[in-house]
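This report covers selected local features of one structure. The sequence and coordinates come first.

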Amino acid sequence: NKIEKIVKHTRNYYYEIELNNKDIIKASNDHRFILINQDVKNTEQLKTNDYLTNDLYIKEIRKINQSLDMYEIKTSTNKYELYNGIICECENI
């Protein structure tokens, strides 16, 4: 999977997604996650108990009203994997 492009931007707010193993993912409202059942949801569509891998599910989602620098990644397969095995779909950048 080859990285083709990375774009940095600042968001005025973001979401903290807490997983059942206590990991926290910081994501923009339109970040696209691929669930274990292959559904694709952006952050604002996620719900508690959505499974992101066989072992990891969403315990809590919090909107944080602070600005944060974020990065969009474009890959050759239009997907990439986070450190914990969660698969994300690239945005059109």
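Which backbone nitrogen lies 2.9 Å from a polar atom of the side chain of Asp50? In this predicted model, that nitrogen belongs to Lys47.

Asp50 sits in the loop that links strand 5 (40-42) to strand 6 (58-64). Its relative accessible area is 12%, and because buried means under 20%, Asp50 counts as buried.

Leaving aside residues up to four places away in sequence, Asp50 touches Leu35, Lys41, Gln45, Leu56, Tyr57 and Ile58.

Strand 2 (residues 14-19) is mostly covered, with six of its six residues buried. Tyr14, Glu16 and Glu18 point one way from the strand, while Tyr15, Ile17 and Leu19 point the other way.

Strand 2 runs antiparallel to strand 6, and six bridges join the two. Glu18 has Glu60 as its bridge partner in strand 6. Strand 2 also pairs in the antiparallel sense with strand 3 (residues 24-27), over four bridges. There, Lys26 is the bridge partner of Glu16. The hairpin of strands 2 and 3 has four residues between the strands, and Lys22 takes a positive phi near 80°.

How values were computed
Residues numbered from 1 in each chain as written. Predicted model: local features only at pLDDT ≥ 70, side-chain atom pairs only at ≥ 80, totals over all residues. Heavy atoms only, no water. Buried < 20%, exposed > 50% of the residue type's maximum accessible area, 1.4 Å probe, protein only. Polar contact = N/O pair within 3.5 Å; in protein donor to acceptor, adjacent residues only side chain to side chain. Contact = heavy atoms within 4.5 Å. Pairing = 2+ DSSP bridges.
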